[in-house]
Amino acid sequence: MSGDPKPGSGAQAPPAAAGPPRAKRTAPQIVELKRRGEPIACVTAYDFPTARLADEAGVDIVLVGDSVGTVLLGYDSTLPVTMDDMLHHTRAVTRARPSALVVADMPFMSYQVSVEQAVLNAGRLVQEGGADAVKLEGGERVTGAVRRIVEVGIPVMGHLGLTPQSVLALGGYRVQARGEADQERLLSEAKLLEASGCFSVVLEGIPARLGAAVSRELQIPTIGIGAGPSCDGQVLVSHDLLGMFLGHTPKFVRRYAELAPEIRAAYQRYIADVKARRFPSERESYY
Ligand code: KIV
């Protein structure tokens, strides 16, 4: 019997939307964007279609964040996310062959125990996951790992401020570095990360003035999330910006769509059609 392929069941990835092909973004090019004064747009993605759509829209960086734990997997924090989880989702993203730089988060306990383990796990995200770079959280305490990962040829993005993998020590998700001493420490840790070879650094949940000061002081780009408008780039969790996250939405999120109610309504219409035997129609059936 010949027939239409089942939607969503094709072995081959659907072709990308028409448009001029973009050159693959590299870590040095992301640094160059800062030099040229061009803001850097980054979103998270954890799956093939989101990565494909964000890439077609022209995003510079796709971050396979360990926020996959809270956004997709239903955990209360990112702490339970494993290397296997990150590899699974990084592979799904890189199968979309994005032109954007793909940065994969190193999950909790994948880089803290030893520099050797950090290098091995960063290598797995590149070799098995297809990532172009990795991200890890922390300042001075991770510089040894950053140096070695960079030495083996893997670009590293740092992450300072509200670092969700330290939520237990921080005592919750709250704005960091409000006091002068903490601000000085964060700035010096940002400089340490730059000196250790990071090609960029995420600044999360810090006062806008500090975001501006760090961005001014560093040659590498800062990517802000709740760190004010003066960062060199911005990152948002895709499900937040699309209005698809069912939990708390922080103040720094701007929603560019309200997909959750639309999705719920679509399911309701489908259920009503099935119950009333309006779906499938003759046109949607094989004869
Ligand atoms: O995991 C993540 O999504 C992140 C971003 C919020 C920066 O680290």
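Let me begin with helix 5, whose buried residues pack against helix 4 (83–94), strand 3 (101–105), strand 4 (133–135) and helix 6 (143–151). Please keep in mind that this is a predicted model. Which residues of helix 5 are the buried ones? They are Ala118, Val119, Asn121, Ala122, Gly123 and Leu125.

Helix 5 covers residues 115–127, and at 1.5 Å a residue its 13 residues should span 18 Å.

Next, the annotated site. An unreviewed UniProt entry lists Asp66, Ser67, Asp105 and Lys135 under "binding site". These residues are spread over 70 residues of sequence, yet they cluster in space, with a largest C-alpha distance of 12.4 Å. Asp66, Ser67, Asp105 and Lys135 are also included in the lining of the largest pocket.

I will take two of them in turn. Where does Asp66 sit? In the loop between strand 2 (61–64) and helix 3 (68–71). Its relative accessibility is 4%, and buried means under 20%, so Asp66 counts as buried. Not counting residues up to four places away in sequence, Asp66 touches Thr78, Val81, Met86, Asp105, Glu137 and Gln165. One of those contacts, Asp105, is on the UniProt list as well.

Lys135 is placed in strand 4, one of the elements that the buried residues of helix 5 pack against. Is Lys135 buried or exposed? Lys135 is buried, because its relative accessible area is 2%, against a cut-off of under 20%. With neighbours within four places in sequence left aside, Lys135 is in contact with Leu63, Val103, Ala104, Asp105, Met106, Met157, Gly158, His159 and Val202.

The largest nonpolar core has 55 residues, and Ile149 and Leu203 touch the most other members. Beyond its neighbours within four places in sequence, Leu203 is in contact with Leu160, Leu186, Gly211, Val214, Thr222, Ile223, Gly224, Ile225, Ala227 and Cys231. Another core, of 16 residues, lies apart from the largest one; among its members are Ala27, Met157, Phe199 and Ile223.

Last, the overall layout. The domain assignment gives domain 1 (27–256) and domain 2 (259–287). Their C-alpha centres lie 39 Å apart. How many residues does each domain bring to the contact? Four residues come from domain 1 and four residues from domain 2.

Terms used. Residues numbered from 1 in each chain as written. Predicted model: local features only at pLDDT ≥ 70, side-chain atom pairs only at ≥ 80, totals over all residues. Heavy atoms only, no water. Helix = DSSP H or I, 4+ residues; strand = E, 2+ residues; numbered from the N terminus. Expected span 1.5 Å × (residues − 1). Buried < 20%, exposed > 50% of the residue type's maximum accessible area, 1.4 Å probe, protein only. Contact = heavy atoms within 4.5 Å. UniProt positions renumbered as here; feature names shortened; annotations may be inferred. 1 Å grid on protein atoms, 1.4 Å probe; cavity = no way out; pocket = protein on both sides within 12 Å on 5 of 7 lines; lining within 4 Å. Core = buried A, V, L, I, M, F, W, Y, C linked by side-chain atoms within 4.5 Å. Domains from an automatic or database assignment.
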